Amino acid sequence: MNRFKLPLAFLLAALIFGQASAQEGKTIKIATEGAFPPWNSVDTSGKPQGFDIDVGTALCQRAKLTCEFATQAWDGIIPALNVGKFDAIMAGMSITEKRKQVIAFSKPYALTSNYFVVRKSLGLAEMASHLKVNLSSQVEEERGILQALKDKLKGKIIGVQGSTNAEAFVREYFGDTVEIRTYDKQDNLNLDLVAGRIDAGLADYSVWKAFLESKDGAVAALYGPRISGGLFGPGIGIGLRNQDRELAERFNGAIEAIEADGSLKAISLKWFGADLVSN
Amino acid sequence: MNLHLIVDVLPLLLEGMLLTAQLTAASVAIGLLIAVPLALLRTSPSFVFSYTILLYTFVFRGTPLLVQLFLIYYGAGQLEWIRSSAAWSILREPYWCALITFSLNNGAYTTEILRGGIRAVPSGEIEAAKALGMSYALRIRRIVLPAGFRLALPAYANEVVLMLKASSLASTITLMEMTGTARKIVAQTFSPYEVFIAAALIYLGFTFLIVHVFGRLERHMAKHQQRAGLKNNSRSRVRAAAKISAAQKVAP
């Protein structure tokens with residue numbers, strides 16, 4: 001790259017990168033989305049709360065770090081980490097190969113379990129929701145289940161949160177037979193699902209649970225198999241900059257510790273009413 | 001920074017580019033259709049008309065476009081009686097919601113811009129038209145609107161450029177216009193600078209086009225003034241005056 005041809009671009013980059021990266025001994029700033037309950041949301045006073053925040057607080061206590069949570073829009077959360085606005089991401093973010101190309105991850109601190117939710121008024125043919133599809137395994141039966149799901153959803157409008165694995169999955173597996181709408185926030189997707197602008201949505205079980213239990217959620221129900229693995233990755237991890245290896249080690253140690261003493265499971269039960277952390 | 005990526009994503013933005021162009025053109029066209037009669041009524045002596053329209057322009061100019069978009073998109077979806085009415089078949093679609101909001105917003109601004117232009121038409125010209133026995137409709141068509149529009153044109157061109165950029169808000173209601181597409185690509189490549197620079201280049205191209213077209217239109221509409229400026233000597237003036245009086249068959 002010829003840097004002399006790009007003085008303006010470099011000035012811009014310098015202005016943005018100039019804010020600099022994490023410094024040891026300082027407060028670790030953790031970015032969360034704040035609109036993905038029960039993983040993370042903001043309380044009435046605007047303070048972040050949720051599973052991610054409780055786990056983060058427990059981890060920081062273990063690792064003897066001073067941590068501070070701040071909200072950042074999902075769309076820009078990875079660039080914000082890389083330019084040094086934050087030192088870690090805890091926002092229900094799944095570990096994926098694609099994301100690993102730009103940031104590093106800690107060990108997973110929770111699992112993923114994605115489900116479709118469809119409007120009851122569609123009257124789709126029954127499909128059992130106890131089935132499980134692991135995209136990483138190549139079992140014939142599971143591919144059959146996925147194909148059956150695809151046939152049933154043909155021509156429907158599917159909502160997903162943009163820049164998520166759910167979006168990547170729907171585009172890759174159902175992109176040719178359904179219309180896809182992407183939302184910046186799960187809250188807005190839920191509104192449109194209730195309004196009937198979309199027929200179905202795909203997201204993590206933990207996200208649906210809060211919605212389906214709400215008054216509005218009565219119009220929709222879980223549909224089809226649990227989908228995990230493959231595009232969805234091994235689970236939810238803490239996003240970190242590639243060079244911050246020491247921080248990653250400290251978080252990994254802390255995750256093992258709170259897994260072993262049962263406090264991680266307790267936090268999961270508190271926020272999800274289910275154990276989403278043990279294999 | 002990767003220069004190749006900027007070039008590579010340009011074709012990927014094409015589809016979003018078309019939607020952006022379509023949304024902008026349609027809402028500017030509908031906005032103008034709304035604005036012309038409203039601007040005339042707004043400048044009319046009628047109190048009732050003038051203040052009703054003032055209320056409309058005040059509401060749409062006084063609140064952020066994003067809020068208006070959310071009110072029409074998510075707001076309408078919340079109300080059961082709208083969902084069960086015939087209007088839902090239109091309000092259900094994000095495209096129509098965006099078009100309605102943008103048109104109403106653009107219409108409000110254009111109304112006020114045109115009102116300014118119409119107010120600035122020299123009263124002498126209108127009185128001259130009256131003296132020549134032109135009816136109200138003919139006066140509006142031949143004098144008030146052309147002269148008013150010419151005076152409002154620079155401000156109006158600005159409004160069209162603003163509309164182009166405001167159309168990016170459509171991405172917040174699931175429409176994959178240029179900004180929405182750019183954000184999708186950023187999510188896939190994690191390279192915000194390159195992708196947004198590519199999108200910015202296309203926006204600049206559109207703006208250049210709009211500015212150019214309006215520049216030509218302005219020159220075209222000011223032709224009579226240029227000619228007067230070129231041949232500004234007494235002989236041609238006398239000749240022109242003679243021509244006019246001959247044409248109107250009025251004795252000098």
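Predicted model: local features only at pLDDT ≥ 70, side-chain atom pairs only at ≥ 80, totals over all residues.

User: What makes helix 8 of chain B roughly antiparallel to helix 9 of chain B?

Analyst: The angle decides it. Helix 8 (residues 123–131) and helix 9 (residues 136–166) of chain B pack at about 170°, with their axes 10 Å apart. Angles over 145 degrees count as roughly antiparallel, so helix 8 of chain B is roughly antiparallel to helix 9 of chain B.

User: Which residues make that contact between helix 8 and helix 9 of chain B?

Analyst: Helix 8 of chain B brings Glu125(B), Ile126(B), Ala129(B) and Lys130(B), while helix 9 of chain B brings Arg139(B), Arg142(B), Ile143(B), Val144(B) and Ala147(B). By class, the contact has five nonpolar, no polar and four charged residues.

User: Why is helix 7 of chain A called mostly covered?

Analyst: A residue is buried if 20 or more other C-beta atoms lie within 10 Å of its own. In helix 7 (residues 186–195) of chain A, eight of the ten residues are buried, and the helix is therefore described as mostly covered. The buried residues are Gln186(A), Leu189(A), Asn190(A), Leu191(A), Asp192(A), Leu193(A), Val194(A) and Ala195(A). Just after this helix, Gly196(A) takes a positive phi of about 90°.

User: How many residues of strand 10 of chain A are buried?

Analyst: Four of the five residues in strand 10 (residues 157–161) of chain A are buried, and this strand is mostly covered too. For chain A as a whole, 43% of the 279 residues count as buried.

User: How do you know that strand 10 and strand 11 of chain A pair, and which way do they run?

Analyst: Pairing takes at least two bridges between two strands. Strand 10 of chain A is joined to strand 11 (residues 179–183) of chain A by five bridges, so the two count as paired, and they run parallel. Among the bridge partners, Gln161(A) has Tyr183(A) in strand 11 of chain A.

User: Why are strand 2 and strand 4 of chain A called edge strands?

Analyst: Three strands of chain A form an open sheet in the order 2-3-4, with antiparallel pairing. Strand 2 (35–36) and strand 4 (48–49) of chain A each pair on one side only, and that makes them the edge strands.

User: How do you know that the two domains of chain A touch, and which residue classes are on the domain 1 side?

Analyst: Chain A is divided into domain 1 (11–111 + 235–272) and domain 2 (114–232). Residues are in contact if their C-beta atoms lie within 7 Å. Ten residues of domain 1 of chain A are in contact with twelve residues of domain 2 of chain A. The domain 1 side has seven nonpolar, two polar and one charged residues. The C-alpha centres of these domains lie 26 Å apart.

User: Which helix gives the most to the side of chain B that touches chain A?

Analyst: Twelve residues of chain B are in contact with 20 residues of chain A. Helix 4 (65–78) and helix 10 (178–189) of chain B each supply at least two residues of the chain B side. Helix 10 of chain B gives the most, with three residues. That side divides into five nonpolar, three polar and four charged residues.

Conventions. Residues numbered from 1 in each chain as written. Chains lettered and ligands numbered in written order. Domains from an automatic or database assignment. Nonpolar A, V, L, I, M, F, W, Y, C, P; charged D, E, K, R; others polar. Buried ≥ 20, exposed ≤ 12 C-beta atoms within 10 Å, placed from the backbone. Axes fitted to C-alpha atoms, helices over the stretch in contact; angles between N-to-C directions. Parallel < 35°, antiparallel > 145°, perpendicular 65-115°, else oblique.
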